[in-house]
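Here's a quick tour of how this one is put together. Have the coordinates open while you read.

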Amino acid sequence: MTRHEYEVVVVGAGGAGLYAALEASRGARTAVVSKLHPMRSHTGAAQGGIGAALGNVEEDKPEWHAFDTVKGGDYLVDQRSAVILADDAVRAVYDLENRGLPFSRTPQGKIDQRRFGGHTRNHGEAPVRRSCYAADRTGHMILQTLYQQCIKNEVAFFDEFQVLDVLLEGRQAAGLVALELSTGELHLFRAKALLLATGGFGQMFRTTSNAYANTGDGPALLARRGVPLQDMEFFQFHPTGIRGLGILITEGVRGEGGILRNRRGERFMERYAPTLLDLAPRDLISRAIMEEILAGNGARGDRRIDDYVFLDATHLGKPLIEAKLPDIAEFCRTYLGLDPAEKPMPIQPTAHYAMGGIPTDLDGRVLADEAGTPIEGLYAAGECACVSVHGANRLGTNSLVDLVVFGRRAGQHIAGYVKGASLAPVGKDSAGPARERLAELKDGKKGPHGGQLRERMRDVMMEKVGIYRKGPAMAQALEELAALRQEYRAVRAQDASRVFDNDVLEILELGHLLDLALVTAASAQARTESRGGHAREDYPQRDDQRWLKHTLAWLEPGGVRLGYKGVDLSVWQPKPRTY
Amino acid sequence: MTITLSIQRFNPETDSAPYFREYAVQVEPTDRVLDALMRVKSFQDGSLAFRKSCGHGVCGSDAMIIDGKERLACKTLVRDVASSEGQVVRIQPLKHLPVQRDLMVDQGEFFARWRLVKPYLISDQPVPEGRERLQSPEQRLAFEDPTKCILCAACFSACPILDGKNPRFIGPAAIANAARFVFDSRDTGLSARRPALDQPDGVWGCENHFECTRVCPRGIKVTKNINLTKRRLGG
């Protein structure tokens, strides 16, 4: 086993991890450990833009952005987080531009901006042009720019290292154990500060826009170490995934004027969101699509949940589509064999984004309990974290804002923290549990293959903990997930070698997903109201009296233990959410 | 329909040389080749090794040689390479980089050459205080094409220069990524990049075979970008 000592170790090389590493490495020895080469991170798949009230094309204010974020999150957003997000977004976008990000431009040479769902002028009057974009490849450009900057600043990278265990000593981070995929060798990293930026976990659902790598490794490893997970019942279904594949079709299509239509060609959003129409928030539009499908207005009209509707961009014209949405046009040609300038795109909702995750404060410090006690030296940022800036439903473009704003804040806090901190001791055989787990997976016993279990988990989550939920179905999901976790213990690797044993990697990832699926289902079953992305058929109303609070869920041997904590309502009072 | 994937296998721990193994897979014509590979791995042979991540052609993980041409497995549909029942589709790792295992190659050298061109914005101009640098839509368009690069290394594999004539050629992707900055109106780093570019292993190694352009899964006119860079360096 190889041992490493750094002041800071960042896990994950997407937008949040890279930005944190850039900041932390200015004053501290920093390493980035990632199971993927950084350029393969899922930040690169983000399309439509990054929201910031620059006001480059029409009047806009950070305060409006913050309010939209709070209302979009159905008031479960911690409001100071939202204010920081919106204020700092402006500086963050200029910083990215200054570092070389190739934003699309206005005729005056400024960063161009377009409309996006739920982003409005003056507290909901009308859509506002707030999304700063680089064609429909904004995430790709952010990832490239941040990685380029890390190369320039000589940040140390450990690419294709899978983290197996996070080591805590009491309430302090001590280090982590990782598997070098190319050799099968274990590595022990000791560090004064650890930052987890491992991204989302949409792979727990049948239909998802997420990468295969989005398996929630960070949240699952921390949950096993006794750290609670926050608001896990809130998972966003993006309304426009390519039918059957789940590949994302950016909200930018509707930002540029695209229209959702049912089988009769009707613009059905007129009935659900008369003011914002096709630019209403995602949770609302995904439910509207399901309502249309269940009413027999889907393309096939058979009322089955895998029916679909249409996203019509034909009236936008080929030149605009090719200039502003070139990748979307390419996806349509490749996977659907159609040109979106000529035919509407067949779309259906796709599991897209985890609003919940590892609870943190405004500086990315991981919180251990309802009272908000931080774990010394342990940080999280990006989709795996929950600072709670997205509440019960994230607005489009705010994921990229979250990465760069809170990734940077965490990196800055870490840089200060490590100056006065020392390495925590690690136990004698701190890699023991990880080593034993690997040995178990390769002990030669015959076991089921993980692939079958994964398929069953994805169906259970899609059908019973998906867009619409109800108590009895979720109870059944919990039983099935418990059974799957039991069966999982018998899964063994079919591959005996050490070099790139992806079989072991996928089994470990499946274990993470199963744990997070259980926490998600348990958190969802307990919340007897509908709010944002959590829509209960048996409890269709929002219930501020009983449920205006964050869920904390502890993964324990006997199941999931739940606790709750208050929401920061220091700026705006909750109101009914209409668009 | 059922097709046969003939996959090049190699495990450095147990094999002295690569060999091909065949797998019959049930597929739809509209499935991705990646789906077929995953079906083999999940349900037939867990030891098969390949990279994957985004699954829709934007992360660059799964470039490989499918039916003789460099492509992304997730952006190639079965119907692009097989039209009839029982057809055999040959799948091999990229060329010009050492095979680590099965369809995985070590991209270290590819990224090392990419780094030689200093692939980041270099500017001796002051950063404006609290706002963006201005750039007209026309100036922005001048380097649009190479910004699409996902560093998948398909072009590095397809380049005939690297076949033997000059294995030290920096490669098409590195030059395209240099062009990304050389033609950015905000960048003033041409002289810093010149040592890597203006030499026989740099842009002058290219002989316009256009293979990079032919295989680029992002549709980048790689050869054109190389020629534009040559002209900028020469002038």
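## Two domains in chain B

In this predicted model, the C-alpha centres of domain 1 and domain 2 of chain B are 29 Å apart. Domain 1 of chain B runs over 2-105, and domain 2 of chain B over 108-234.

So much for the layout; next, where the two domains meet. On one side, 15 residues of domain 1 of chain B are in contact with 13 residues of domain 2 of chain B. Strands β3 (63-66) and β4 (69-72) of chain B each put at least two residues into the domain 1 side of that contact, and β4(B) gives the most, with four residues.

## Where chain B meets chain A

The contact between the chains takes 42 residues from chain A and 39 residues from chain B. On the chain B side, α1 (33-43), β6 (99-101) and α4 (137-141) each supply at least two residues. That side of chain B is made up of 14 nonpolar, 16 polar and nine charged residues.

The largest nonpolar core counts 265 residues. Those with the most contacts inside this core are Val9(A), Ala20(A), Val93(A), Leu194(A), Leu195(A) and Ile414(A). Helix α15 (residues 502-526) of chain A makes the largest share of the core, with 14 residues.

Which residues does Leu195(A) touch, leaving aside neighbours within four places in sequence? Among them are Val10(A), Val11(A), Gly17(A) and Ala20(A), and also Gly364(A), Tyr379(A), Ala410(A) and Ile414(A).

Key: Residues numbered from 1 in each chain as written. Chains lettered and ligands numbered in written order. Predicted model: local features only at pLDDT ≥ 70, side-chain atom pairs only at ≥ 80, totals over all residues. Domains from an automatic or database assignment. Contact = placed C-beta atoms within 7 Å. Core = buried A, V, L, I, M, F, W, Y, C linked by C-beta atoms within 7 Å. Buried ≥ 20, exposed ≤ 12 C-beta atoms within 10 Å, placed from the backbone. Nonpolar A, V, L, I, M, F, W, Y, C, P; charged D, E, K, R; others polar.
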